[in-house]
Amino acid sequence: MYLSSLGDIVAIREMSLTDEQGIASKAQVLIGAPKCFPDSTDYYCPFQILGLGDEEIRYAGGVDGIQALQLVMSMIGAILRFRSENTAGTLRWEAGNSEGDFGFPVDQ
């Protein structure tokens, strides 16, 4: 399913990316409200990561809105970890207690 909009944004997380020269820029995670798939009783939750390259709108699906929210949090955590490990510079969430703590669950 292709999404051109997040719809109603229910949460935003601000982060910073400091490049190898010490220049900081902003990155954001935007999460849209869960919605019912057009052809199903299942739900999807859209999200977008801005400021780290690819800014495609993605989504996670679940049997209900709660599961879609839970799964989108894990997807975001995995994407942030991958991008952090494969991007020059340092990605940080100000409230994180260590480098690489973005406040999203990451399966080990």
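Arg13 lies over the face of Phe104, at 4.9 Å from the ring centre. Arg13 also lies over the face of Trp93, at 3.8 Å from the ring centre. A charge sits over a ring if NZ of Lys or CZ of Arg is within 6 Å of the ring centre and within 35 degrees of the ring normal. The model is predicted: local features need pLDDT of at least 70, side-chain atom pairs count only at pLDDT 80 or more, and totals for chains, interfaces and linings use all residues. Residues are numbered from 1 along each chain as its sequence is written, and side-chain values use heavy atoms, with hydrogens and water left out.

Arg13 and Phe104 lead us to Val29. Leaving aside neighbours within four places in sequence, Val29 is in contact with Ala11, Ile12, Arg13, Met15, Gln48, Ile49, Ile76, Leu80 and Phe104. Contact means heavy atoms within 4.5 Å.

Now take the core. In soluble globular proteins, nonpolar side chains tend to be buried together. A nonpolar core is a set of buried Ala, Val, Leu, Ile, Met, Phe, Trp, Tyr and Cys residues joined through side-chain atoms within 4.5 Å. Buried means under 20% relative accessible area, exposed means over 50%, and partly exposed is in between (1.4 Å probe, protein chains only). The largest nonpolar core has 19 residues. Of these, Met15, Val29, Ile31, Ile76, Leu80 and Leu91 touch the most other members. Strand S1 (9–18), strand S2 (24–32), strand S4 (43–50) and helix H1 (65–85) each supply at least two residues of this core. The largest share, five residues, comes from H1. Helices (H or I, at least four residues) and strands (E, at least two) are DSSP runs, numbered from the N terminus. A second, separate core has six residues, among them Leu3, Leu6, Leu30 and Phe37.

A pair of aromatic rings is described by the distance of the centres and the angle of the planes. Rings of Phe, Tyr and Trp (its six-membered ring) pair if their centres lie within 6.5 Å; planes under 30 degrees apart count as stacked, over 60 as edge-to-face and the rest as tilted. How many aromatic pairs does a search of the whole structure find? It finds three. Why is the pair of Phe37 and Tyr44 called tilted? The ring centres of Phe37 and Tyr44 are 5.1 Å apart and the planes are at 45 degrees, so the pair is tilted. Tyr44 and Tyr59 form an edge-to-face pair, 5.7 Å centre to centre, with 70 degrees between the planes. Tyr44 lies in strand S4 and Tyr59 in strand S5 (residues 58–62), so this pair ties together parts that are 15 residues apart in sequence. Phe37, Tyr44 and Tyr59 form one aromatic cluster. Phe37 is buried at 17% relative accessible area, and Tyr44 is buried at 9%. Tyr59 is partly exposed, at 26% relative accessibility.

Strand S4 also holds Gln48. Is Gln48 buried or exposed? Gln48 is buried, with a relative accessible area of 14%. The Gln48 side chain reaches the backbone oxygen of Glu55 at 2.6 Å. Among the residues in contact with Gln48, beyond four places in sequence, are Leu6, Val29 and Leu30.

Last, the cysteines. The structure holds zero disulfides. A disulfide is a pair of cysteine sulfur atoms within 2.5 Å. For Cys36, the nearest cysteine sulfur, that of Cys45, is 13 Å away. Cys36 is partly exposed at 37% relative accessibility, whereas Cys45 is buried at 0% relative accessible area.

Methods:
Polar contact = N/O pair within 3.5 Å; in protein donor to acceptor, adjacent residues only side chain to side chain.
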